[in-house]
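Good morning, colleagues. Please look at the sequence and the structure on the screen, and I will guide you through selected features.

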Amino acid sequence: MPKLLSKKDAIAFLGLDEKTFENYFKNALEFPCLERVGKGRFYFEEETLKKWKSGLAWRTVELDKKDYALALDFALAMHFRSYVQSDFGTGRQREFGQKITNWVKGQLGEIAVKKFLKREFNIEVFLDLNVHDEIVPQDIVGILENGEVRPPHIGIGIKSSKPKNAFLILGANEITIPTRRSDVYIYVRPNIPDDHLLRVTNEQVVALVQNQPHYSSYKDMIPFFDTISCEIAGWCSYTELEEVTSIPGQEFEGGTRFVRPSGLLKKSKEDWQSLIKRL
């Protein structure tokens, strides 16, 4: 008989907070559960959770300060060219910190995919990190093969989101307009801290405020920059996305979205090898 864990024990085993755990098994479909009939209790097979935990570790990439600098440079270039970025699906204008965070997050996701493919499959891919006037749907623009760089055979879009987000989500125009569509979408979840700008400017901030009246109350709490972990959650073909008007806990404004739960993405080593063959 497989060893079963209670919900409480499963949360402790995976090292997740309760909200993330419930989101992952109820909405993201990351791992199955067994419900004890008549008692309303959930149980989880320890071996299944162990495999999921091992797969998560295998798919996770650590990004260093050099990677962050590349992503931040792109974000600042976008900001200073007066690029207007509204909230997804709305007309609200984002403030500076949110814009920079979103652009950094997106670029870190692309860099993580590049490092993952090199680390696990020894495949060298090239990203488009240039700033364009028009929307560029394809994020992988070159493959190193036999000492030469060639374009990929299929279009690849790389989408970044927060670690707790259970769904790969794309706007309707990204799928319904053929020129904006990718053949395959890779979903990544960079764990970028909200205070990332403070972390990289730690020394400058300390020099600025160290003689101020409240400095002693927080001087030991100002964080330093550390590596940023990024999960390569998986990939899917655009035809596998489902058109919906909402997901659990969120109604979409301004029309439909195309989504797929992260647990239904292709993520095994064999899945990645099949994608590489298509590249």
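**Aromatic rings and their surroundings**

Trp52 counts as buried because its relative accessibility is 9%; here buried means under 20% relative accessible area, exposed over 50%, and partly exposed in between, with a 1.4 Å probe and protein chains only. Before I continue, please note that this is a predicted model, in which local features need pLDDT of at least 70 and side-chain atom pairs count only at pLDDT 80 or more, while totals for chains, interfaces and linings use all residues. Residues are numbered from 1 along each chain as its sequence is written, and side-chain values use heavy atoms, with hydrogens and water left out.

Which aromatic residue pairs with Trp52? A search of the whole structure finds 14 aromatic pairs. In one of them, Phe31 and Trp52 are edge-to-face, at 5.2 Å centre to centre and with 80 degrees between the planes.

Helices (H or I, at least four residues) and strands (E, at least two) are DSSP runs, numbered from the N terminus. Phe31 is buried as well, with a relative accessible area of 3%.

A second pair joins Tyr215 and Tyr218: the ring centres are 5.8 Å apart and the planes stand at 90 degrees, so this pair is edge-to-face. Both residues lie in helix H9 (residues 215–218), three residues apart, which is about one turn of the helix. Are they buried or exposed? Tyr215 is buried, with a relative accessible area of 14%, whereas Tyr218 is partly exposed at 28%.

Returning to Phe31 and Trp52, both are members of one aromatic cluster, which also includes Phe21, Tyr24, Phe25, Phe42 and Phe44.

Gln107, in helix H5 (residues 96–121), is buried, with a relative accessible area of 6%. What does Gln107 touch? Apart from residues up to four places away in sequence, Gln107 touches Ala71, Phe74 and Leu129; contact means heavy atoms within 4.5 Å.

Asn202 lies in helix H8 (residues 202–209) and counts as buried at 6% relative accessibility. If its neighbours within four places in sequence are set aside, Asn202 is in contact with Ile222, Pro223 and Phe224.

Gln250, in strand E14 (residues 250–251), is partly exposed, with a relative accessible area of 39%. Its C-alpha atom is separated by 22 Å from that of Thr176, 74 residues apart along the chain.

Finally, the chain as a whole. There are ten helices and 15 strands, and 41% of the 279 residues count as buried. Among contacts with a separation of 6 or more, 68% come from residues 24 or more positions apart. The C-alpha atoms fill a box of roughly 60 × 55 × 45 Å, taken along the principal axes.

Key
Rings of Phe, Tyr and Trp (its six-membered ring) pair if their centres lie within 6.5 Å; planes under 30 degrees apart count as stacked, over 60 as edge-to-face and the rest as tilted.
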